[in-house]
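Me: Hi! Could you walk me through how this one is put together, and start with what you mean by the handedness of a crossing?

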Amino acid sequence: MEDTILVPRGESCGGPALKLFNDNFIKSMKFKNLPKKYELIGKGSYSRIIISEEIGNDKVIKCIRKSSVQSNNRKYLINEIKIMKQINNDLIVKMFDLFQSEDSFNILLERGRLDLFVFSKNKPYSKKICNYIVRDLSISIEYIHSMSIYHRDIKSENIIIFNENEENYQFKLSDFGISVVDNDYGIGNCGSIGFNSPEMSNKIQFSRKKADYWAFGAVLLEQLIGQDRFVNEWLMLYYDRKHTKLSNLYDNALKIFKKEGFDFDWSILDNLLNIDPIQRHLPNNTKIINNFTNFLI
Ligand SMILES: Nc1ncnc2c1ncn2[C@@H]1O[C@H](COP(=O)(O)OP(=O)(O)OP(=O)(O)O)[C@@H](O)[C@H]1O
Ligand SMILES: [Mg+2]
């Protein structure tokens, strides 16, 4: 399955492959009307996220326009659904049901409070939040990889916060809209700019697992340096690179950030944002969980 779906942040993937969306799949999906009264709480490139009293306030419906699927823009919908059906992990947003209505395919999901991007807007760096993210994403990413699922679009908009309460945050991985169940080897450039790893190119194979690790590192970096600097001093490097290799630009930027002495275990970022994919590793879960009380302070 191709990996060439790199998009500017805030957009979603595109590309032709209507053939994946076969008739049987559509025929077997039950029909049900969407709630009459609802409120819009989120928007993706091809979907709307709604809440309604009719479904209970612990759920949302992700509505994916049929026209977007049929105009070839949402070719991974089957993947998204297949993957959501397989997943059973407390740190990944759960799917409860699936149905179609006149204009949309609809996924009933557990409802979180808000996404990490919105949550951290204009908020100062918090070591505690970062450590929760490290704990939760290390587990969810390792879990999906153990099932040969590669997310391919890890970014703060796709991390949903649950139990927003000072003592008990959970950061759940969400939006498997461009994920694949496949082998580890990808070719192309995939994900969102700023979160896509530097080894991705249209010619050389890369590890999808290590690319997810890199994106996880970028999520943490954004927390550390803040959203404005993430855009101006990190994401812009992708566009500025001209003749310099992106990996060199990223490496230099990381050295500069590191010198700023953030109150954070930088070895985690050394491992996740390692320019060399072979040296790139997830934080050690056992150590994190055993030390979690100290770790959160
Ligand atoms: N379970 C949920 N609980 C609360 N808010 C949610 C939930 N799922 C999604 N959202 C909100 O809706 C937004 C869009 O959802 P999602 O990322 O699943 O859509 P998408 O169309 O696949 O997005 P993209 O543009 O990345 O393809 C999220 O960034 C988040 O703000
Ligand atoms: Mg999304």
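Reply: Happy to. A crossing is called right-handed if the near helix is turned clockwise from the far one by less than a right angle, and left-handed if it is turned anticlockwise. One thing to keep in mind throughout is that this is a predicted model.

Me: Which residues of H7 and H8 make the contact?
Reply: From H7 come Glu233, Trp234, Leu237 and Tyr238, and from H8 come Leu246, Leu249, Tyr250 and Ala253. By class, the contact of H7 with H8 holds seven nonpolar residues and one charged, with no polar ones. Glu233 and Trp234 also take part in the contact of H7 with H6.

Me: Nice. How far apart are the axes of H5 and H6?
Reply: The axes of H5 (residues 127-146) and H6 (residues 208-225) are 11 Å apart, and the helices pack at about 165°. H5 is therefore roughly antiparallel to H6. Here too the crossing is right-handed, with H5 passing H6.

Me: Which residues in H5 meet H6?
Reply: In H5 they are Ile129, Cys130, Ile133, Val134, Leu137, Ile141 and His145. In H6 they meet Lys209, Asp212, Phe216, Val219, Leu220, Gln223 and Leu224. The contact of H5 with H6 divides into 10 nonpolar, two polar and two charged residues.

Me: Let's switch to the sheets. In what order do the five strands of the open sheet come?
Reply: The order is S2-S3-S4-S6-S5, and the pairing is antiparallel. S2 (39-43) and S5 (95-100) stand at the edges with a single partner strand each, so one side of each has no neighbour in the sheet. On average, neighbouring strands of this sheet are turned by 25° against each other, ignoring direction.

Me: Which helix packs on that sheet?
Reply: H3, residues 77-86, packs on the sheet and touches S4, S5 and S6 (104-110). The direction of H3 makes about 145° with that of S5.

Me: Back to the S2 end. Through how many residues does the hairpin join S2 to S3?
Reply: The hairpin runs through three residues. S2 and S3 pair in the antiparallel sense over four bridges, and leucine 40 has isoleucine 50 of S3 as its bridge partner.

Me: And over how many bridges do S3 and S4 pair?
Reply: S3 (residues 47-51) and S4 (residues 59-65) pair over four bridges, in the antiparallel sense. Isoleucine 50 is bridged to isoleucine 61 in S4, and isoleucine 49 is bridged to lysine 62 in S4.

Me: There's an open sheet of three strands too. What is its order?
Reply: The order is S7-S9-S10, with antiparallel pairing. S7 (114-115) and S10 (170-173) are the edge strands, and each pairs on one side only. Four bridges join S9, residues 159-162, to S10. One bridge pair is isoleucine 160 with lysine 172 in S10.

Me: Last one, the overall picture: how many helices and strands are in the chain?
Reply: The chain has 11 helices and 14 strands. Of its 297 residues, 34% count as buried. Taking contacts between residues at least 6 apart in sequence, 69% join residues at least 24 apart.

Conventions. Residues numbered from 1 in each chain as written. Chains lettered and ligands numbered in written order. Predicted model: local features only at pLDDT ≥ 70, side-chain atom pairs only at ≥ 80, totals over all residues. Contact = placed C-beta atoms within 7 Å. Helix = DSSP H or I, 4+ residues; strand = E, 2+ residues; numbered from the N terminus. Nonpolar A, V, L, I, M, F, W, Y, C, P; charged D, E, K, R; others polar. Buried ≥ 20, exposed ≤ 12 C-beta atoms within 10 Å, placed from the backbone. Pairing = 2+ DSSP bridges. Axes fitted to C-alpha atoms, helices over the stretch in contact; angles between N-to-C directions. Parallel < 35°, antiparallel > 145°, perpendicular 65-115°, else oblique.
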